[in-house]
Amino acid sequence: MLGKLLHGLGAACVRLRWLVVGLWIVAAVGITLVVGQVGAVTNNNLTLPGADSQVAYDVLEQYFPPQQNGSSQVVFHTTTGRLDDGGAQQQAVTDTYNALIDVPHVASVTDPFANAASGLVSADGTYAFIPVLLDIDSGQLDEATAQVVFDAATKPANAIGMEVAVGGPVGAALSKQSTESSEVIGLLTAMLIMAFTFGSLVAMGLPILTAVFGLAIGVATIGLIGHLIDIPTIGPTLATMIGLGVGIDYALFLVTKHRSQVRQQQMAIRDSIAEAVATSGGAIVFAGGTVIVALLALAVAQIPFVTSLGYACAVAVFTAVLASLTLLPAMLAILGRGVDRLALPAFMQPRAKEPDATFWARWAAMVVRHPAISCAVALVIMVPLIIPLFTLTLGQSDTGVSSTSTTQREAFDLISAGFGPGYNGALVVSVLMDPPAQPSSEYTAKYDQATAMQTELESTQQTLTDQADSLTAQQDDLQSQEDDLNAQAATLEQEQADLQTQVDALNVQKTALEKQQADLQTQGAALSKQADDLQKQADSLTKQAADLQKQADSLTAQQQAAQQQAAAQAQSGADPATASANLAALQQTQASLTAQANDLTKQEADLKAQQDELNKEKADLEAQQADLQKQADALTKQGNELQAQADDLTAQGADLQAQADSLQAQADDLQTQGDQLQAQADDLTAQQTAAEQEQQDALALQDDLTAQVTTAGGDSRATDPRIVKLQDALATPSGVQRVIPPMVNDAGTAVVISVIATTRPADPATAQLVDQLRTEVIPPALSPGMQADVGGNTANNVDLATVITEKLPLVILTVIGLSFLLLLIAFRSLLIPLQAAITNLLSAAAAFGVVTAVFQWGWGLDLIGLSSPYGTVPIASFVPLMMFAALFGLSMDYEVFFISHVQGLHGKGMAHKDAVRSGLASSAKIISAAALIMIAVFGSFILIDDPIIKQFGVGLSVAVALAALLVLLLAPAMLTLFGERTWQLPKFLDKILPDLDLEGNKRSSNVLVPAGASTKDTPGSPPE
């Protein structure tokens, strides 16, 4: 039945090949243009109906919008100085704050320097962050909007070379990993494998082209669906991984079938395409259907996040199946025999061998010949890989192990270093209050007391101020009078000083004059004495001169007498000799007297000269004495005048003293008044001291109130004892670093308290703290009428892990059950679905074990390019669930392809063992090639830095490898052990189950038209 429908579909695609290709092109272009206009929307909002975290989210959304959108932290770091020192770095942070206020979609921004108690600046001042709240959620936040916020947040800091990064929703929007390079690597690897498998580049290109077309439309469709439901950000990437892998595999199956029919059965191309769609197409439908059903079965978990991921991947698988069943046949029809063009060189072509001489034929013979040993070998391979599974712990995504090149990771590391890792994922405790929150009675009493004290203090202070103002005025008046008296006294003192200076100057002058007069008198006395001495000398000289004159006269007389005597004697004839002797003696005596006279004359002349000189000196002295007398008279006059002035100054001094005495009396009076004012001032000071003490008491009370209000987040209603009790309890666990003051809504009916853990969000200790708060801390701290729930991203992930742990068995049973039912319908056998379930469970368990060893144990993290500062990477809780659904469906590809071959051969009358051996030998090459392709596609995504994508890449590639191994080893071994019982079906099931005839064994033989038959190709049919 299904085969007939598919055959008709294949034939229609052959006939309308150009229309089909055109429709695909139009669809691809059209949906791309639509997405370009409306955008592809993804949303990481995690909705968990009934979970504590969901209730907390709903409280935020209802009472504190837009808090539910989450905060984006703009983090700053400096290695020089402090960010709060008022310098250029603080200015840059402030400029960032001011710039962010005006950015579109920014609902609120918090200034880190506005309140020291906010905790937005690290203790050492080298880190700070600005919380930015947007009015749109992560689904509405596109990269362009996030970039605008990022530019405004980083420009001022970058301008001065300061380190800055942005986390939260904005950082996440700008840290999305591109998958293009991984897709290209996966495609190139797939092309290489198919080139060697087909031996033709054209044949190789067809599955690639078909898969790309199907994937493009599928991913675009997912983007449009994101407008209707929340599609996680990772959804398109995961859909790309699965859609690309199955798209290539499905096309590979169909192209292989077609080329085999044309080459080996000499079938006409048109008929071969339709027959390939009818046979391999049936396997594709059931394989794809199984994958889709497995992905849609995730809905039973009732986790919207996981369900949306299933929807996204199912869409990609559906478009891959649709492309394989419509676009590929149309392209095969257009190419005709050209599908074998661009063949590889002969040495690169697969060597033609006898069917029984190939590797896979020998492999199949060995497995069928030793089924028990094959089963044991499979178990020996699987069991060691499964063992790590038993230590699997479901965790959450961890930004701390994401790529260090992203701003989201940079912000995470800066927050951790500056404030503590717990700041990267605060726990949000939402509380509903009935009755509404009210200020506590203690707070109200203290507030009223403080208000009364403040009023009383203000009144007392006003009275004291008035009194102080009055005293101040009086003191100012007294001070003014005192200043005037002091000024007058200073003036009097200055005048007295000036008078004294004048008196001193006059005394100096008088002393000088008296000294000059004394000197003049001394000089006059000396001159008089000298004149007297000179007079005495003159008198002596005069006397001597007189005596000499007398002697001269006497001598002259004697000479004359002697001359006369001589003459007489001569005349008398006396002895001439005697007379001559006497005359000579007289002459000698006269000569002597003459000499003496000359001497005396000379002395007299000298004395005369001395007398003249003395007279002159005397005259000069007399003149000087006269001058000195004049000066003395003048000095005497000046002295008299000075004495008069001194007498006048003395009189003035007496007046000044009298004035000074009056001023002193006034000063004494002022002092008395001042003492009285001082006494009043002292009394006021005492009153002021008492008032200040009361003020101190009031300030202490105010500080107590301030502390309460600060703890209450600035809202007095948060002093409600019920809130305080809960707040205090939240701070008690050792894993709590800080409790952020609560926020209270306007009505007082809702409260939000943020709790900062000491550990990072992904640390198991944080999950334990969430559980501790919910089970041990919060319940006993709640008062009647209160409902508290723990939320936030961290709690969301904890709840997700819890729900997935609870729902995982149900999902597994559902997927296995639906897959069992599909295989039961497809192959009309109970043992085949059982074998498939066992095979798939083993491969899934082994793949989980490998993922656990690599990520949770940390084995080989460096090999996959993942550097974790913690040595391990938590396994996101939804990864195993998604992996199981995806790989269970994907592994069914190989099961269906293999079993359909065996069933077709058995349906044609071949013995069961021979059918198993031949079916394995004929399908193993394609299964291994398909597995390699899918491994390459999935493995290429390991190159992406996102740790969750790496987990999917490792898990799915390992799962596919193990699934292919088990299909080629365990599945044929089990079928061999089952024997003919494989095909037995209870009668009641035989009657109700449809016979789909996947291989077309029961269809009319006229469907198969050999190439040499007489049936003519219709015009426009593909060449043969």
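Me: Phe253 and Phe897: buried or exposed?
Reply: This is a predicted model, where local features need pLDDT of at least 70 and side-chain atom pairs count only at pLDDT 80 or more, while totals for chains, interfaces and linings use all residues. Residues are numbered from 1 along each chain as its sequence is written, and side-chain values use heavy atoms, with hydrogens and water left out. The cut-offs are under 20% relative accessible area for buried and over 50% for exposed, with partly exposed in between (1.4 Å probe, protein chains only). By that test, Phe253 and Phe897 are both buried.

Me: How many aromatic pairs does the structure hold?
Reply: Phe, Tyr and Trp rings (the six-membered one for Trp) pair if their centres lie within 6.5 Å; planes under 30 degrees apart are stacked, over 60 edge-to-face, the rest tilted. Counted that way, the number of aromatic pairs is 10.

Me: Why is the pair of Phe129 and Tyr423 called edge-to-face?
Reply: The ring centres of Phe129 and Tyr423 sit 6.2 Å apart. Their planes meet at 70 degrees, so the pair counts as edge-to-face.

Me: How many residues apart are Phe129 and Tyr423?
Reply: Helices (H or I, at least four residues) and strands (E, at least two) are DSSP runs, numbered from the N terminus. Phe129 belongs to strand E3 (residues 127–134), and Tyr423 to the loop between helix H14 (407–418) and strand E6 (427–433). That pair links distant parts of the chain, and the separation is 294 residues.

Me: What is the centre-to-centre distance for Phe253 and Phe897?
Reply: These two form a stacked pair, with 15 degrees between the planes. Centre to centre, the distance is 4.2 Å.

Me: Which residues have the most contacts inside the largest nonpolar core?
Reply: A nonpolar core is a set of buried Ala, Val, Leu, Ile, Met, Phe, Trp, Tyr and Cys residues joined through side-chain atoms within 4.5 Å. The largest one has 171 residues, and the most contacts inside it belong to Phe878 and Phe952.

Me: What is the relative accessible area of Thr766?
Reply: Thr766 is found in helix H18 (residues 764–781). It is buried, with a relative accessible area of 1%.
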